[in-house]
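Thanks for coming. Please keep the structure open while I talk.

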Amino acid sequence: MTTARVTALLVSHDGARWLPAVLDGVTSQTRPVDAFLAVDTASSDGSADILRERLGHESVLAGRERWPFATAVRHALSVLPPAVEDEWVWILHDDSNPAPGALEQLLDAATPEIAVLGPKLREWPSLRRLLELGVTISGTGRRETGLERGEYDQGQHDRKRDVLAVNTAGMLVRREVLETIGFDTALPVYGNDIDFGWRAARAGHRTVVVPDAVVFHAEAAHRGVRRTPLTGSRFHRAERQAALYTLLVNGSTAGLPWRLVRLLLGSLVRMLGFLLVRAPGEAYDELAAVVRTYARFDRLIAGRRVRRRTATVRHKDVKHLLAPTWLPYRHGLDFVSDVAAAVVNQAADLAAARRTRALAETGPVDEEAQSLDADSGLVARLVASPIAWVFAALLLLAALAVRGHLGGGSLSGGALLPPPDSAGYWWSRAFEGWHDLGVGSTAPAPPYLLPLAAAGTLLLGKAWLVIDLLLFLAVPAAAFGAFRFLRRLTDSWTAALWGGVAYGLLPVVSGAVQQGRLGTVVTALVLPWFAHAALHLFIAETEDRRSRAVFRAALWLALASAFAPLVLMLAVAGVVLFLLLTARVRPDLAAGLARSLLGTVAVAAALLLPWLLLLWGHDGVSSLLLEAGRPASELIGSLTATDIVLGRPGDVGGAPAWLSVGIAVAAVVALLRSDTRRRVLVAWSFVLLGLAATALLSGVRVEVDATGTEERIWLGVPLLLVQAAAITAVAVAGTGIREQLSTHAFGWRQPVGAAVVVVALVTPLVGLVWWAVAGTDGPIDRGSVTAVPEYMTDAAERDSDQGILVVRGSQRDGFRYVLLRDRGLRVGDEAMLPTAEEQEPLTALVGELASVPGPDALSAMIQRGVQFVYAPAPVDQQLAGNLDSLSGLAPASSLARESRAWRLDGAVTTDTGHRGDALRPWLVGLECLGIVVAAVFAAPTRRRQER
Amino acid sequence: MSEPRPSGARRAARAPRSPLPRPPVNATSLTVAVVLVAVVLVLLTPGRPGTADRPTSATGQPVTRTVLGCPRSPVPEGVTTRYGVAAAEVDGYGADGEVSGTPRLDRGEASDLTATTVTGVDGLAQGLFAWRADSGPSTAVTTCPSPRASWWFTAVGASLEHQSTLVLDNLDSGPAEVDIRVLTPEGEIDLSETGGTGITIRPGGHLVLPLVELAPQNDELAVHVHATRGRIVAAAYDRFAPGPTAPSGYEWIGSQVEPARTVRLSGAPGTPRSRTLLVANPSTLEAVVSVELDGPSGRVLPPDLDQLSVDPGALVALDLTALASEDVAVRVVSDRPVVASLRSVVRDGDIVYAGPAGAVTDAAALPTVGRSVAHVTALGATARVTLTAYSSTGEEVERTTLALALHETATWRAPDEASYVVLEPTQGPVVGSMVYGGAAAVAFQELPATVRIPVVRPAA
């Protein structure tokens with residue numbers, strides 16, 4: 001190829017950092033260039049001077065600052081002497097440095113049918129890492145090099161082959177091809193190489209990469225090192241815009257509509273992905289790129305027209321040069337596995353950190369841990385860890401305790417309604433503006449439906465499993481959370497383990513599980529995690545960590561408050577009191593803490609705001625005082641001082657009160673230890689908060705809208721707080737208590753302290769024994785979901801207009817009724833029932849049926865969609881007689897002889913005039929978005945991807 | 001457990017790193033204060049308020065529909081039966097509405113009934129009452145009750161000298177199913193094989209059931225008619241001969257809704273030939289019963305009778321002829337719920353039953369048939385009642401006020417031209433009855449005025 005003429009064409013903009021080396025590279029070529037022309041687009045760093053100095057004034061063209069790459073090249077071509085046969089242009093960037101033999105190797109590879117040749121690009125300055133050996137584009141616009149990022153060049157890709165395009169840095173191109181096809185000025189900086197290669201391919205030219213030719217490339221523009229007015233600060237947007245443009249102008253016409261839709265949706269998904277990893281800048285770039293590209297549709301049309309002129313081969317003939325269609329999916333899979341790997345790695349890192357810490361500690365576990373190899377397997381570590389044994393024992397005990405609840409049917413009873421058949425029920429209830437419950441209700445769905453629905457979805461739609469797991473794994477799960485939290489407060493794993501087990505038992509010893517009090521159980525599960533996150537508000541070293549802690553604590557707080565709104569009220573009260581105290585004693589800290597604490601509460605409240613407002617508007621104050629589930633005030637006894645001190649909010653289902661004496665005594669004695677007193681006092685402040693809330697709410701009765709009755713409040717949450725804080729105080733004071741007692745002779749305190757330690761240690765053990773023996777027997781039970789004949793629920797399920805009016809009671813004690821739709825009430829429905837006022841016509845109808853039914857009684861039943869009337873035993877004789885006497889109401893078969901059932905002859909048509917709140921689904925959707933945003937902000941900060 | 005060392009676990013939040021405020025006050029006093037506040041909070045916590053689950057009292061609303069069913073039955077030869085209905089004249093009762101079974105009836109009027117079922121709606125549902133009067137060799141009167149599920153008849157019989165017949169009517173549009181229970185002096189009889197249970201009465205149906213078919217050869221019985229499905233109107237007519245050769249008397253027996261610990265029987269005219277109290281104990285435990293008689297001069301206790309014991313499921317007859325000189329009301333008090341009735345054999349062998357009478361605190365009314373004498377007994381300390389006789393056109397014929405001392409029974413004869421008598425207590429509750437020609441008695445019952453609407457609540 002000695003006859004070939006090669007003109008090196010270097011385009012420079014602010015490349016003074018690299019230019020001297022680049023120029024050295026060009027001049028030291030084993031096959032020197034025949035001419036060297038440079039275009040400087042108004043560099044401000046003296047690049048032009050360097051060029052002029054090295055190449056002479058006549059070889060350096062002055063371009064304008066905003067000239068796109070295409071314009072600069074075209075300008076240079078215009079000043080070249082007339083083309084000769086076999087003339088090549090070697091395009092170089094100011095940051096691309098060719099190896100000495102690069103040009104020679106390129107020219108050696110040239111054949112008549114090859115129009116474009118490209119070198120192997122290696123990273124500059126590392127020199128060893130591969131950047132590109134030709135490049136193509138995927139269907140989503142991703143630039144594909146076929147290389148792993150940071151792959152070292154070991155000759156593994158050294159195969160001369162046809163490619164779609166080669167980078168313009170080091171591209172050797174026939175002059176006539178360059179002049180015919182040219183670069184597109186619509187692509188100012190990025191993507192013009194792929195576009196050029198694609199068009200060259202369509203014009204029937206071959207593009208070949210020559211691995212023996214090496215050019216080192218700094219990728220200054222791509223890495224954002226060089227900002228020009230053309231790239232601007234948003235180089236991601238410019239890149240993405242170029243990719244979209246390239247795909248849309250070069251792709252086939254037939255595929256254009258599909259491509260338009262796919263790229264739009266793809267961009268939106270990518271945007272969402274960027275938002276999820278807290279990269280709002282990139283997300284904005286994605287959106288801006290697609291909007292800008294699609295907004296200039298005329299440019300796309302013009303671009304396609306230009307390409308049609310030079311195209312000589314069909315689209316499908318160049319298709320093999322494009323990236324395979326499956327590649328984007330492969331990237332998606334890679335991304336997911338990367339994320340999973342990152343999570344696993346992080347967990348492994350944490351485990352390693354824990355091991356390291358454990359090695360620094362003394363004690364039996366640590367000695368054993370020391371004897372293990374640092375990289376011993378997970379199983380080996382678990383087997384050697386008494387902590388793992390304790391939690392395994394808790395799981396076994398949990399399995400033992402549920403023995404009374406094995407078998408078919410759903411859990412229900414006490415405050416718990418049966419779970420629905422699938423999590424979809426909860427989703428639809430959460431989003432619908434009108435509920436087909438009883439006479440129809442517009443009550444807002446309670447906020448805990450969303451977490452239940454989400455959990456149910458994760459468990460493959462099995463709603464019953466959510467409830468079962470919540471109730472039956474409450475002890476080990478709460479114990480684990482508390483153990484993790486207490487490990488933050490104490491260096492002693494025994495104290496933390498003791499506290500974890502003692503806390504874990506609270507849901508069962510208090511009777512919350514047995515009574516089916518979902519609110520208290522969930523609060524017990526969430527509280528340690530909330531406390532853990534809230535702790536970071538005080539100890540976080542960086543603002544970023546603190547801000548994440550705010551969102552994390554807010555999410556936990558919102559979750560607990562969704563099930564038990566009292567948690568939010570306690571948090572607000574606690575924050576206000578704490579800030580008042582801080583402002584008084586440490587005003588210097590008050591402002592910072594106020595921001596964190598109020599921020600936490602505000603974010604949690606914002607997450608719950610639509611529900612809080614809607615529920616307040618619908619249910620009034622009861623919405624804030626009643627927790628998830630039926631009020632079931634018949635299970636709440638009179639609250640004595642003993643009940644308060646020992647944490648027994650209810651009469652039914654809990655452990656004997658004396659079982660908790662040890663914790664109460666130890667919490668008081670914990671105050672005696674002077675070196676931990678400050679932190680014990682902090683824990684005690686939460687004891688006081690819980691006690692104050694109990695004192696305030698103990699005498700309160702709230703009116704339940706659905707029944708019109710006044711009910712006592714279940715005070716499980718404040719008493720849980722009291723017990724949790726007491727356990728924390730004991731665990732903190734119990735740190736190193738053995739040494740404290742054995743090394744210090746301090747008179748009477750020593751035997752008293754020892755006795756208290758023994759009592760405290762024994763307390764959870766006795767609790768565990770009680771739990772194992774008593775199980776979780778209580779009002780909750782597993783069995784038939786409804787006490788209504790199956791054929792009725794089947795009919796109601798087929799057609800919700802065929803309601804079942806269940807009436808219980810007697811003339812003397814009064815009657816209670818419920819109008820069942822579908823298969824009856826399910827978890828969450830208790831909060832959405834129509835108000836007593838809305839049910840007034842039905843109440844009057846039942847009153848009439850129980851006294852003197854008028855001739856209109858039947859038509860009233862038809863209007864309200866009552867197909868069946870069911871009276872479980874014992875049946876009020878007058879009611880039964882009245883119903884028997886009604887013409888059009890025929891006796892139907894009932895479950896038991898003592899029960900009675902009637903069926904309306906003929907069809908029932910409900911005329912409820914559904915007037916749902918159309919805004920409700922949007923509000924809930926907005927809330928879901930809010931939760932996702934909060935979760936994104938709570939997640940670990942994404943390390944900015946190195947470019 | 002070891003005391004934390006400064007170089008120990010990094011994860012534990014230790015005091016120096018935490019910007020928690022340091023309390024400026026003495027730690028000991030703060031500790032004491034914290035414990036004191038906790039104690040005060042626990043002690044200040046008020047007890048839980050009582051539960052409001054149990055509903056409060058039921059409310060009364062004006063009745064707008066009254067259905068009454070008169071017993072239909074074959075009558076002995078020579079007996080003439082008349083059915084009557086009246087919308088009693090009582091202040092405050094409505095005047096609008098309609099009454100079926102009679103051409104036209106306005107407030108205050110009484111009229112013959114052309115059907116055995118009568119329905120009053122709207123205003124005329126209040127104060128509506130109907131009756132059946134049989135006259136001939138023997139006089140028998142009964143009122144027409146509303147359908148219900150439970151009916152007790154005491155002092156019925158199923159022997160040659162004493163034959164009773166149940167008359168059951170189903171006024172409703174749905175079928176009724178009836179179980180019958182029979183108590184004898186020897187105990188309860190199992191009727192499952194004699195067809196006493198699961199008796200179906202079709203809508204609008206009528207069933208005449210002689211007790212001899214169910215429990216033959218039993219002189220004295222108590223019967224419970226219980227509709228396990230639907231409602232019925234039940235009545236029992238009774239033929240009784242004091243001896244094998246004596247002529248038999250004919251009478252309707254008053255019903256009792258449910259057994260009670262105190263049963264009051266009113267309508268025992270004075271100087272009968274004999275008086276027999278019958279008490280049955282449907283419970284499963286022995287009942288210890290005492291009997292008191294309230295006459296014109298107050299309470300009289302039967303001599304030689306401290307307490308009467310009634311076995312479970314059994315019936316006991318107590319002869320009270322020794323105390324038969326005066327018009328009396330009887331009070332049966334038991335430690336178990338019982339049912340009772342008082343049979344008086346009067347001159348010429350006719351019989352009168354003093355049936356269970358409910359306490360009257362509001363207006364009650366009964367028809368006049370022949371020589372009609374009202375018996376009124378004070379239940380409380382003293383009582384005052386107004387008795388007003390009305391003609392069939394609603395005109396007031398005569399009015400009297402009776403002041404009754406404790407346990408006193410007073411009588412007042414209604415004028416012959418009266419069609420019905422309204423009894424209105426103005427002070428204290430009373431029981432009362434109307435004794436017709438000394439040969440029949442019917443207890444006063446409060447007129448339908450208000451309906452008790454039970455407390456109904458939606459359940460959560």
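D327(B) has 22% relative accessibility, so it counts as partly exposed. On that scale, buried means under 20% relative accessible area, exposed means over 50%, and partly exposed is in between, using a 1.4 Å probe and protein chains only. Before I go on: this is a predicted model, where local features need pLDDT of at least 70, side-chain atom pairs count only at pLDDT 80 or more, and totals for chains, interfaces and linings use all residues. Residues are numbered from 1 along each chain as its sequence is written, chains are lettered from A and ligands numbered from 1 in the order in which they are written, and side-chain values use heavy atoms, with hydrogens and water left out.

Back to D327(B), which sits in the loop between β23 (315-319) and β24 (328-345) of chain B. What does D327(B) touch, not counting residues up to four places away in sequence? The partners include A268(B), P269(B), R275(B), H375(B) and T411(B), where contact means heavy atoms within 4.5 Å.

Is Y245(A) buried or exposed? At 6% relative accessibility, Y245(A) counts as buried. Y245(A) belongs to helix α7 (residues 235-250) of chain A. Leaving aside neighbours within four places in sequence, its contacts include D184(A), L187(A), T293(A), R299(A) and R307(A).

Next, some backbone geometry to check in chain A. The peptide bond from A873(A) to P874(A) is cis, and its omega is near -5°. P874(A) is in the loop between β19 (866-871) and α36 (877-885) of chain A. D14(A) is not a glycine, yet has a positive phi of about 50°; its loop runs between β1 (5-12) and α1 (19-27) of chain A. A632(A), also not a glycine, has a positive phi of about 45°. A632(A) lies in the loop between α26 (622-625) and α27 (641-646) of chain A, and at 3% relative accessibility it counts as buried.

Now a helix pair. How do α15 (residues 386-401) and α19 (residues 474-489) of chain A pack? Their axes are 9 Å apart and the angle is about 155°, which makes α15(A) roughly antiparallel to α19(A). The axes are lines fitted to C-alpha atoms over the stretch in contact, with angles from 0 to 180 degrees between N-to-C directions. Angles under 35 degrees count as roughly parallel, over 145 as roughly antiparallel, 65 to 115 as roughly perpendicular, and the rest as oblique. From α15(A), I387(A), F391(A), L394(A), L395(A) and A398(A) meet V475(A), P476(A), A479(A), F480(A) and F483(A) of α19(A). The contact residues divide into 10 nonpolar, no polar and no charged. Nonpolar covers Ala, Val, Leu, Ile, Met, Phe, Trp, Tyr, Cys and Pro; charged covers Asp, Glu, Lys and Arg; the others, Gly among them, are polar. As for burial, 13 of the 16 residues of α19(A) are buried, so this helix is mostly covered.

Two further helices of chain A. In α30 (residues 716-733), 18 of the 18 residues are buried, so α30(A) is largely enclosed by the rest of the structure. The buried residues of α37(A) are R920(A), V924(A), E927(A), A934(A), V936(A) and A938(A). These pack against α8 (256-276), α16 (423-431), α17 (449-458), α23 (543-563) and α25 (587-619) of chain A.

Finally, the chain totals. Chain A has 37 helices and 21 strands, while chain B has one helix and 35 strands. Buried residues make up 56% of the 947 residues in chain A and 55% of the 460 residues in chain B. Among contacts between residues at least 6 apart in sequence, those joining residues at least 24 apart account for 77% in chain A and 78% in chain B.

Technical notes:
Helices (H or I, at least four residues) and strands (E, at least two) are DSSP runs, numbered from the N terminus.
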